[in-house]
Each structure stands twice: as structure tokens, then as C-alpha cells.
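Hello,

Here is the structure we spoke about handing over. My notes on what was found in it come after it.

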Amino acid sequence: MSAANVIDVQQFINQHRFSRTQIVTLLLCFLIVAVDGFDTASIGFIAPAIGKQWALDPAHMAPVFGAGMFGLMIGALCFGPVADRIGRKATLMICVAFFGLASLVSAWSPDLQVLLVLRFLTGLGLGGAMPNAITLSSEYSPDKHRSVLVTTMFCGFTLGSALGGILAAYIVAHWGWHAVLLVGGVVPLLLLPLLAWLLPESARYLVARGAAAEKISRILNRIAPETDLHDARYELADKAPAGSPVKQLFDAKLRRGTVILWVMFFMCMLIIYLLSSWLPTLIKNTGRTLQDASLVTAMFQIGGTVGSIALGRFMDRFNPTRVLSLAYIVGAVFIALIGHTASSTPLLVLAVFMAGFCASGGQVGGNALAAGFYPTANRATGVAWALGIGRIGSILGSMAGGWMLTMGWGLDTVFEAVAVPAVIASICVLFMRKS
């Protein structure tokens, strides 16, 4: 067979117009992470209602949050390697079905112990769905637009989180907290038929696993129907290291980048969850009302959404590691400034917005960076394990604010301390490259 019949799948995607199939793929991944965001955020809004019904104080409710976060971490670590073995589409459908069913059953939890187990199981599915949505989006994106497409897709999580708060408050007021969990279960289950019908398997994954050329051709013809792929053979530019997908993370060419990504994800998620969890309390301690504190905190999420898309575009145009390094160091400055601008509402809003733009937006950019760093054979594992390690930072971050307040730290000191992880992330990412 002549060389003309050998097609590099990524070059094929790069050379053709962005198709309806690719748009549908990114949209479905957007919906998956939006449902993920809804379920992750809604538990915080129904916790007071659960505590009231079961006569639980905040200390007894805390494990509900911890169980979900622990499930997210374990789910990422487990389902990443699964996706590199059985495929991105199959794993996504398993995860969506898993967290949909677990959330649905949670609505009939008779007591706290059962709810804890079901929140952990829900977290397993949620934790596995997110990295695989990132991976599949990346593998259907042309190189020159990969970062902005992945970061835009991931904005579904922010949108879902926002809707989780708005809808949960309305649903609890009219139908009770059980109904929120019902919605969180029914919606992903309704999404499953669409995934089965419209979501393609990753063509890059199929090549890496040695699938039949005819199967790959059918997918690529959905991207470019006019192209004759009769008798085509397929290849990938990236070569897989030896060993299992997890072992491959520590191949000589990948180990340094793997460690750097883990440190970066850990630091960023620590910042994001600390600020998301404790900003309302910290700002309220300045004498503002809880409503004002909530509105200021919302600027962190808005900044993160805007930053995700903007940084994605910058990463496609310039050196992505330098873009992220600059974002993190600028973020460190604005995080530290939050404590020094508390007396001025306009300056406080600006500092919180920019902290979200750089820290939260930078984390989403980190997802795109990880997806572009790993070869196809272990990309899902690489992204998933970076997110899984990052979840450890999220757990610590959600508790760290309480520790600092218990120790009597002032507002200035708290935010200066929170800026330190951003500096560490900035320094780390500068050394991010394949060995």
C-alpha cells in the first residue's frame, strides 16, 4: 500500500473544517460536565434542609461533602485507566449511568449513613466523567484551537454549578431536598440515549488500540464526507510508552511533566475550593451582609468562566506554559490583594474577579495542557490522575479556611497565605515540557 493511503488522524482533523460531528461531540461533553457541575454544587444548597429534617448540626453534615469529594478523587483515579482500556465513549456512558443512578437512589436515603455511601458512589461516577469529557473533547479538536475548545467545553461545569444553586433553592422551597437529587439523577439518565446515538468514539483511541480501518473511516467520514477513505490505513504521530496506562505516566519522557501537573493541579484546586468555600464567610467578617458577601463571591465564578475562555485563546496563540505561569503569578497578586481591599467594594470586586480569572481559569487551562501533553494511549489516565491528585488539594482547601480562622489569622494574612500556592504553581509550570 502506498504512503498516500496512510493517514495521521490528528493531521486529518487539523486539515478539515470543524464539522457538525465535532460540534455535537463538544456539546455533549459540555452537557456531561454541566450535569456534573449541577450535582456537585447542589449538595451544598440542600445540606441545610437535610440537616433540619434529620436534626443534624453542621459537624455531622460535613461528612456528606467529604464523601462526595473522596468519591470524585477515587473515580478519577479509577476510570482514567479504564477509558484507556475500553474507550472514552463507553467509559463516559458507564460514569454518567453510575452517577445518575446513585443520585436517583439518594433521593430515598432514610438516614445519614445511607446518604454518605450514596454520595460517595455518586462522586465515583462524577469523578470519572469529567476527565473523559476533557480527553474526548481534546481528541476531536484541531491543534490550533484545542485549548480554547477544551476550556469552552469545560465552562459547562461552571454553568451547571450556577444552575445548581439557582434551581436547588427553588426546588427545595417547592418540593423538598429529595427532588433536587431526583433531578440530579433523572437528567443524566435521559442524556444516555443521546450519548449512545450521537457521541462518537475517539478516532485517535481506535487507532492506538488497533481497531479495524473501516470503523475509523466511518467516523472520519462524518467529519469530512467528501473524502475518499477507501483502503486507507491509519497512524498516530505520538508513540505509546511501554506498560500499563498508569505506568506510562512515569516513562522517562513523561515523568517530570506528570509530577509538575500533579503539583500544579493540587495547588490550583486547593486555592479554588478554599476561596469558593470560605470567601462568603471571610467577606461577611468585614461587616458586609451575607447577601453582599455572596454577590462578591459570585465574581470569583464569573471571573473563572471568562478566564477559562480567554486563557484558552491565549494558550492557542502563544506558549501555553508561559501563559499559565503568568496567569498564576498575576492570580497570586490579586488573591493577596483581596485582604487589602476589603474596605473598598469596587476594589474588592476587581480583586475577586481577577483571582477567579487567573486561578480558576488557569485550572481549566491546565486541563487542556494535560490533555495535550500525554499521548493517546494514556491521555485519559494522565488527565484523570492529575485531576485525582488535585482533588486532594480540594479536600484540604475546603478545610484550610476553617483552620486559619481557628488560629485567629487576620484577613490580610489569610489571603497572603492563599497566594503562596499560586506562586508555586506558576514556578512549576515554567518547567513543564517533555524530557
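**Cysteines**

Cys-29 is buried, with a relative accessible area of 0%; buried means under 20% relative accessible area, exposed over 50%, and partly exposed in between, with a 1.4 Å probe and protein chains only. This is a predicted model, in which local features need pLDDT of at least 70, side-chain atom pairs count only at pLDDT 80 or more, and totals for chains, interfaces and linings use all residues. Residues are numbered from 1 along each chain as its sequence is written, and side-chain values use heavy atoms, with hydrogens and water left out.

The structure holds zero disulfides (a disulfide is a pair of cysteine sulfur atoms within 2.5 Å). Cys-29 is in none, and the nearest cysteine sulfur, that of Cys-95, is 12 Å away.

**Overall form**

The protein has 16 helices and two strands (DSSP runs numbered from the N terminus: helices are H or I with at least four residues, strands are E with at least two). Its radius of gyration is 22 Å, close to the 22 Å that the globule rule gives for 435 residues, so the protein is as compact as a globular protein of that length. That radius is taken over C-alpha atoms, and the rule is 2.2 Å times the number of residues to the power 0.38. Along the principal axes, the C-alpha atoms fill a box of roughly 75 × 45 × 35 Å.

Of the 435 residues, 56% are buried. Among contacts (heavy atoms within 4.5 Å) between residues at least 6 apart in sequence, 83% join residues at least 24 apart.

**Arg-379**

Arg-379 lies in helix H15, residues 379–406. The residue is buried, with a relative accessible area of 4%.

Leu-326, Ile-329, Val-423, Ile-427, Leu-430 and Phe-431 make a nonpolar surface patch of about 550 Å². Helix H13 (320–338) and helix H16 (411–429) are the elements that give two or more residues to the patch. Phe-431 lies in the segment after H16.

Regards

Conventions. Patches are made of residues with over 30% relative accessible area and no salt bridge: like charges are joined within 9 Å, nonpolar side chains (Val, Leu, Ile, Met, Phe, Trp, Tyr) within 5 Å. Accessible areas come from the Shrake-Rupley method with a 1.4 Å probe; for residues, only the protein chains shown count as cover. A salt bridge is a side-chain nitrogen of Lys or Arg within 4 Å of a carboxyl oxygen of Asp or Glu.
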